Amino acid sequence: MVEADSLVLEEGGSRLLDRLSFTLEEGRIYALCGVNGSGKTTLIRTLNSYFPHYGGSLRFNGKELSLCGRKEKEKLHAVLPQNIPVSSVSTSALFEHNAEAAAMLDEFSLSHLMKRNLASLSGGERVMVFLSLMLSRDALLYSFDESEANLDAKYRKLIEERMRKLAEEKKTVLASFHDINKALEISDELIVLSKGRLVFKGTPAMFISDDIGGRFFSLDLRRLTDEGGRQYSLFL
């Protein structure tokens, strides 16, 4: 379980996260949403120890994150970053002494990428390489920072399947999205930030009933019916 209590982050005289309090439970997928500049990436980075000098409290299974050592943190969190580095290093060198990552890449039917360097890979291929590295770690919280952005349907499907599998394995999954409809489809709960503040946390049904899409994203809710007569909601 991850618990934030009045979590604050200030950088350069600006407050980027403003007194956030929430709980993330194991076995659930949380969609993190908000317009650009709302604090999504900042929160994910804080949860993954990029900013150790936060204010308030941030506990993983009851232990304050700032008090944990590097080795201990490796068992607490793992992140697939928004910007995947491009370099001339080979995938095989990146996976050296990491048989778990190599096995994961093979599970994705992408073992042929082992012979390539990162600079020669497509954006989606680089994401899958770093996803394999992330999944090779046995962590409590797995964060995905807009990992589906600019990916084709094949890679999006693989990432979404992996999120669900992690949740089934009683891991905690936090994934940021720009696509509200995709967030509603995938998540067990949504977390919405606005200007660094938490303005909503709840189920997809609560998100719809509270008109969060209209209030914070200027989206219109449409209630549609599919060919089988089943009704569903879509934000446009």
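I began with strands E1 (residues 2-11) and E2, which pair in the antiparallel sense over 7 bridges. The model I am reading is a predicted one.

Entry 1: I then turned to an open sheet of 6 strands. Its order is E6-E7-E8-E3-E9-E10. The pairing here is mixed. Strand E6 (77-80) and strand E10 (197-202) are the edge strands, each pairing on one side only. From one strand to the next, the twist averages 20 degrees.

E7 (residues 141-145) and E8 (residues 172-176) pair in the parallel sense, over 5 bridges. Phe144 has Ala175 in E8 as its bridge partner.

**Entry 2: helix H1.** Where does H1 sit on the 6-strand sheet? H1 packs on the sheet and touches strand E3 (29-33), E6, E7, E8 and strand E9 (189-194). Its direction makes about 150 degrees with that of E7. I also looked at H1 from the side of the other sheet.

Is H1 largely enclosed or largely open? I found 7 of the 8 residues of H1 (residues 40-47) buried, so the helix is largely enclosed by the rest of the structure. The buried residues are Lys40, Thr41, Thr42, Leu43, Ile44, Thr46 and Leu47. After H1 comes Ser49, with a positive phi near 70 degrees.

**Entry 3: helix H5 and the sheet.** H5 lies across E6 and E7. H5 runs at about 175 degrees to E6. Next I looked at the helices that pack on H5.

**Entry 4: H5 with H6.** Two packed helices are described by the angle between their axes and the distance between the axes. I looked up both values. Helix H5 (residues 123-135) and helix H6 (residues 153-168) pack at about 15 degrees, with axes 11 Å apart. Angles under 35 degrees count as roughly parallel, and H5 and H6 are therefore roughly parallel to each other. Their crossing is left-handed.

Which residues make this contact? From H5 I listed Gly124, Glu125, Val127, Met128, Leu131 and Leu135. From H6 I listed Tyr155, Leu158, Ile159, Arg162 and Leu166. By class, I get 8 nonpolar, 1 polar and 2 charged residues in the contact of H5 with H6.

**Entry 5: H5 with H4.** I repeated the look-up for helix H4 (residues 99-107). The axes of H4 and H5 come within 8 Å and cross at roughly 130 degrees. That makes H4 oblique to H5. H4 passes H5 in a right-handed crossing.

Ala101, Met104 and Leu105 of H4 make the contact with Met128, Val129, Ser132, Leu133 and Leu135 of H5. How many charged residues does the contact of H4 with H5 have? I found no charged residues there, with 7 nonpolar and 1 polar.

Terms used
Residues are numbered from 1 along each chain as its sequence is written. This is a predicted model: local features need pLDDT of at least 70, side-chain atom pairs count only at pLDDT 80 or more; totals for chains, interfaces and linings use all residues. Side-chain values use heavy atoms; hydrogens and water are left out. Axes are lines fitted to C-alpha atoms, for helices over the stretch in contact, and angles run from 0 to 180 degrees between N-to-C directions. Helices (H or I, at least four residues) and strands (E, at least two) are DSSP runs, numbered from the N terminus. Angles under 35 degrees count as roughly parallel, over 145 as roughly antiparallel, 65 to 115 as roughly perpendicular and the rest as oblique. A crossing is left-handed if the near helix is turned anticlockwise from the far one by less than a right angle, and right-handed if clockwise. Contact means heavy atoms within 4.5 Å. Ala, Val, Leu, Ile, Met, Phe, Trp, Tyr, Cys and Pro count as nonpolar, Asp, Glu, Lys and Arg as charged, and the others, Gly among them, as polar. Buried means under 20% relative accessible area, exposed over 50%, partly exposed in between (1.4 Å probe, protein chains only). Two strands pair if DSSP finds at least two bridges between them.
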